[in-house]
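Here is a short briefing for a reader meeting this structure for the first time. Please look over the sequence and the model, then read on.

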Amino acid sequence: MSWMKQLAEVYDHNVHRVGEFEERRKQRMTLLPVSHVMQSAQIAVLLTQDGEFHSARVIEKENARTIVPATPNSANRANASAPHFIHDKLAYVAGDYVQFGGNPKYVEHHQNYRKQMKEWAESEGGSNKVQSIYHYIAKGHMIKDLVEAKILYLNAEGKLLDKWPANAEEEKPDIYKVIPAEASSAFVRFDVMHETASDPNVWEDKKIFDNFIEFLASVNKMESGICYITGEATALTTQHGSRIRNAGDMSKLISANDSSGFTYRGRFAKPTEAVQIGYETSQKAHHALRWLIQRQSTYVDSRYFITFGKEQPDVPNQFDGTLDLCKSSIESFEDIFADETAEFSRKLAHTEELVAAELNKAIHGMRHTLNQDYLENIIVMALDAATKGRLAIVYYQELSVDLFLDSIEQWHSTCRWLQTHKNSNTNKIQTFIGTPSTYRLAEAVYGSKADSRIKKDFYTRMLPCIVEQKPLPKDIVSLIFNRVKNPFSFKGTTESWDATLNIACALVSKQYESEGYSVAIQEENNSRDYLFGRLLGIAEVMERSILKERDENRATNATRYFNAFSQHPARTWMVIRKQLSPYFERSGSNAGYYAMRLQKVEDRLTVEQMTDAPLGPVFLLGYSSQIQEMYTKKGEKEHVSIEE
């Protein structure tokens with residue numbers, strides 16, 4: 001239960017954010033108070049301070065989030081009558097719901113709602129706003145008021161019109177544009193006319209939050225015992241939160257409601273004999289988890305990944321690429337390339353040093369900031385649901401700040417190769433040496449049209465490689481190697497073979513990180529795979545340059561035979577070598593240059609290496625490095641310091 005303890009402490013460290021809304025990912029969110037839930041409302045009713053109806057309006061979807069006081073029963077209700085407090089669906093808040101066509105079995109809903117609202121309104125220290133709302137709902141004519149205000153509409157029989165007719169000539173009213181199902185299921189939130197400009201809305205009023213928490217503690221009697229999370233004597237609960245990943249998510253991390261099934265298997269008489277969790281601890285942990293998921297999670301299919309600090313929730317995302325980590329310096333990075341007259345040809349040597357320096361600066365800045373916030377540990381979690389009712393933690397790891405940042409730095413220093421980046425200043429594609437994001441890795445390994453369920457497993461498998469410095473799974477490198485070996489399989493798709501090749505090289509260089517491969521050509525490397533890759537790279541550049549001079553747009557022999565070359569390198573190289581002969585005759589003064597490059601690499605291949613045994617993934621590194629080296633002129637390879 002370490003995860004619950006950590007999340008409850010996240011709540012305690014961020015309790016000042018309770019009820020303070022912030023905008024993330026184009027939606028408003030907040031850390032919920034204990035004993036409250038978040039609901040989406042469709043109708044807002046404004047009352048006078050005397051409890052009289054003033055006006056009503058339909059709520060836009062972007063402003064629908066509403067903090068609702070709730071009991072353990074109402075927060076986990078299914079079909080039973082379990083009303084929230086203040087804000088709820090029409091069946092609960094409208095006394096005339098059945099009169100206007102509602103199901104008669106819902107009469108109990110309003111009765112229970114009205115009873116508990118009366119108890120709160122008449123309690124000692126009750127809020128004036130709550131009293132105003134109770135006075136209004138006690139009159140029992142809300143739907144009549146909403147119809148007169150032209151928020152709801154009636155059919156010819158004088159009953160609620162649940163759906164707007166498709167053949168109606170009039171424009172569809174706003175309520176039918178925002179309700180998820182039928183108009184009779186609309187959720188209503190209340191507000192009372194403000195006395196001052198600074199007076200908060202009822203659903204954002206912290207005084208009402210605190211007042212409700214005190215009221216509920218006094219009336220909602222629970223079994224007492226020792227909480228297994230905190231070790232303290234407190235009120236216990238067997239009802240734990242749902243809607244953790246999103247508003248429609250009914251799966252739970254902890255559930256003990258199957259008293260008639262096989263949950264206990266004869267070992268326990270009641271759930272608390274298996275585990276005892278304090279009500280407040282459960283509320284804090286689940287609210288903190290929802291808040292973290294909303295504001296900073298990464299999700300793929302049904303799986304959500306969250307990385308956070310206990311004292312400070314904002315921490316680096318392990319799935320980010322190098323440029324994402326260096327985002328504070330991206331503008332300066334782009335400015336260097338904005339002036340194409342400033343010896344842009346030096347970009348390879350320049351950007352390799354630049355990106356490495358910016359990465360180190362970014363990591364150092366993160367380390368300083370997080371240590372300054374007294375952040376001790378960073379928690380990495382992944383959540384997924386095997387069924388609609390059961391949520392599982394599929395990955396969990398606690399790391400010290402230094403260990404986490406060291407792992408991030410190690411990942412970005414070893415899994416890197418040439419990557420592309422669109423310069424926002426010039427709107428041109430430029431290259432740099434860095435690490436692709438995990439999103440780009442998944443797209444490259446499985447293809448952009450791969451099932452999202454496969455990709456979510458990929459993210460989970462990559463987590464230990466990134467945050468625990470574990471080796472890459474060999475099958476992942478094999479998969480992308482087999483994809484890249486077939487360049488023509490990328491035709492007719494939106495994917496780029498060149499970009500996928502570079503990402504494959506990043507993964508291969510990570511797998512063989514102990515051998516220290518780099519984008520810069522390694523002249524002394526006599527690995528068979530590496531040398532054959534270099535040969536194919538020279539052939540590619542030579543033929544491509546001649547085809548460009550002739551203005552011919554077709555695939556080179558090196559590309560056409562790429563797959564065959566990887567399977568039978570010696571035999572296929574003889575074929576490619578023979579087909580290069582006409583180019584040697586026509587390339588004039590350049591013929592000697594290419595012949596010399598080929599001869600130098602061929603001389604390094606021994607007789608024992610010149611076989612048809614299939615090539616391994618390192619072949620891609622030799623191929624890519626050779627091409628980059630040949631496309632880089634002498635002046636491009638001169639060392640340029642960061643200061644320059």
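N211 sits in helix α8, which covers residues 206-219. The model is predicted: local features need pLDDT of at least 70, side-chain atom pairs count only at pLDDT 80 or more, and totals for chains, interfaces and linings use all residues. Residues are numbered from 1 along each chain as its sequence is written, and side-chain values use heavy atoms, with hydrogens and water left out. Helices (H or I, at least four residues) and strands (E, at least two) are DSSP runs, numbered from the N terminus.

- N211 is buried, at 13% relative accessible area. Buried means under 20%, exposed means over 50%, and partly exposed is in between (1.4 Å probe, protein chains only).
- A polar atom of the N211 side chain is 2.9 Å from the backbone oxygen of G125.
- Residues up to four places away in sequence aside, N211 touches W120, G125, G126 and S127. Contact means heavy atoms within 4.5 Å.

**Two loop residues**

- N155 belongs to the loop between α6 (142-148) and α7 (175-178). N155 counts as partly exposed because its relative accessibility is 30%.
- Beyond four places in sequence, N155 is in contact with L160 and L161.
- From C-alpha to C-alpha, N155 and K270 are 50 Å apart in space, and 115 residues apart in sequence.
- Q318 belongs to the loop between β13 (303-309) and α10 (322-325). Q318 has 2% relative accessibility, so it counts as buried.
- The side chains of Q318 and T307 make a polar contact at 2.5 Å. A polar contact is a pair of N or O atoms within 3.5 Å; within protein, one must be able to donate a hydrogen and the other to accept it, and residues adjacent in sequence count only if both atoms are side-chain atoms.
- Leaving aside neighbours within four places in sequence, the contacts of Q318 include T307, V380, F404 and T438.

**Strands and sheets**

- Four strands form an open sheet with mixed pairing, in the order β5-β4-β8-β7. Its edge strands, β5 (53-58) and β7 (88-89), each pair on one side only.
- Two strands pair if DSSP finds at least two bridges between them.
- Strands β4 (residues 43-47) and β8 (residues 187-192) run parallel and are joined by five bridges. I43 stands opposite V188 in β8.
- Helix α5 (residues 128-137) lies across β4, β5 and β8, at about 125° to β8.
- In strand β3 (residues 36-40), four of the five residues are buried.
- Five bridges pair β3 with strand β6 (residues 65-69) in the antiparallel sense. S40 has R65 in β6 as its bridge partner.

**A helix pair**

- Helix α14 (residues 438-446) and helix α16 (residues 474-484) have axes that come within 8 Å and cross at roughly 60°. Therefore α14 is oblique to α16.
- Axes are lines fitted to C-alpha atoms, for helices over the stretch in contact, and angles run from 0 to 180 degrees between N-to-C directions. Under 35 degrees counts as roughly parallel, over 145 as roughly antiparallel, 65 to 115 as roughly perpendicular and the rest as oblique.
- E443, A444, V445 and Y446 in α14 meet I476, L479, I480 and R483 in α16. The residues of this contact are six nonpolar, no polar and two charged. Ala, Val, Leu, Ile, Met, Phe, Trp, Tyr, Cys and Pro count as nonpolar; Asp, Glu, Lys and Arg count as charged; the others, Gly among them, count as polar.
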